[in-house]
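Hi everyone, thanks for coming along. Let me put the structure up on the screen, and then we can walk through it together.

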Amino acid sequence: MVTGELEQLLRQAFPEAGTVRVTDRTGGGDHFLVEVTSPRFDGLPLLEQHKLVNAALAGPFAAGTIHEMRIKTRGTS
Amino acid sequence: MSEELNGRIKSVIDTSPVALFMKGTPQFVMCGNSERALQALRHAGAPVTAVDILPDPAIRQELATLSGWPTIPQVFINGELVGGADITEELAETGELERKLEDALGSDYREFAAERVVSVLVPA
């Protein structure tokens, strides 16, 4: 899985997002750091923010192409 | 079998002040993310009830269905899902984890900060 494909999925799920960045943490194409900054996260509990990100990447998760993912979400306010 | 397992997982979640579903045990952690969550909880002085999910893949499946959270580790305070390693770590850094623990368990929660390991599998 390349980071570009994951970023595309996230862009589709968060079209309003300021920052969408996926970093391959180990170079192996299965450990990622996902960073999303979006006004949709404003006032939303961290758990709900991460659930939205998990849902956006549910496909590659279920397929087993993502072994490990770290998530960093930020609101804009 | 899966219904029994589901019930035992639920019971650990509901009856533990702080439940940590992890890979390995606090004495022998088998995954970096489980370690991060454990350290964040220790740092906050939380009483941790740990469940090793590795002995049976069914534990992980049942847990994910129950919580709606796809990955391990998972941290629950008073039956409520807090999140995985990233969230627990972030909440610990901002001091919000300690606030959550105080709200849920009382301001003297640190006095009960023992760690224990429980199994959700039927004893052989």
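This is a predicted model: local features need pLDDT of at least 70, side-chain atom pairs count only at pLDDT 80 or more; totals for chains, interfaces and linings use all residues.

Let's begin inside, with the largest nonpolar core, which has 34 residues; the members that touch the most others are B:A19, B:L20, B:F21, B:M22, B:A37 and B:L41.

Now pick out B:L41 on your screens. Leaving aside neighbours within four places in sequence, B:L41 is in contact with B:V18, B:L20, B:A46, B:V48, B:V75 and B:T88. Apart from this core lies another one, of 15 residues, and among them are A:L6, A:V36, A:V53 and A:I66.

That takes us over to chain A. Chain A has three helices and three strands, and from the N terminus on they run α-β-β-α-α-β. The radius of gyration of chain A is 12 Å, close to the 11 Å that the globule rule gives for 77 residues, so chain A is as compact as a globular protein of that length. Of those 77 residues, 26% are buried. Among contacts in chain A between residues at least 6 apart in sequence, 53% join residues at least 24 apart.

Next, the sheet. In chain A, three strands make an open sheet in the order β1-β2-β3, with mixed pairing. β1 (19-24) and β3 of chain A stand at the edges with a single partner strand each, so one side of each has no neighbour in the sheet. From one strand to the next, the twist averages 10°. β1(A) and β2 (residues 31-37) of chain A run antiparallel and are joined by six bridges; for instance, A:R21 has A:E35 in β2(A) as its bridge partner.

What packs on this sheet? Helix α1 (residues 3-13) of chain A does, touching β1 and β2 of chain A, and its direction makes about 155° with that of β1(A). α2(A) packs on the sheet as well, touching β2 and β3 of chain A, at about 130° to the direction of β3(A).

Finally, how do the two chains meet? The contact takes eight residues from chain A and nine residues from chain B. On the chain A side, α2 (46-56) and β3 (68-74) of chain A give two or more residues, and the largest share, four residues, comes from α2(A). The residues on that side divide into four nonpolar, two polar and two charged.

Key: Residues are numbered from 1 along each chain as its sequence is written. Chains are lettered from A and ligands numbered from 1 in the order in which they are written. The radius of gyration is taken over C-alpha atoms; the globule rule is 2.2 Å times the number of residues to the power 0.38. A residue is buried if 20 or more other C-beta atoms lie within 10 Å of its own, exposed if 12 or fewer, and partly exposed in between; C-beta atoms are placed from the backbone. Two residues are in contact if their C-beta atoms, placed from the backbone, lie within 7 Å. Ala, Val, Leu, Ile, Met, Phe, Trp, Tyr, Cys and Pro count as nonpolar, Asp, Glu, Lys and Arg as charged, and the others, Gly among them, as polar. A nonpolar core is a set of buried Ala, Val, Leu, Ile, Met, Phe, Trp, Tyr and Cys residues joined through C-beta atoms within 7 Å. Two strands pair if DSSP finds at least two bridges between them. Axes are lines fitted to C-alpha atoms, for helices over the stretch in contact, and angles run from 0 to 180 degrees between N-to-C directions.
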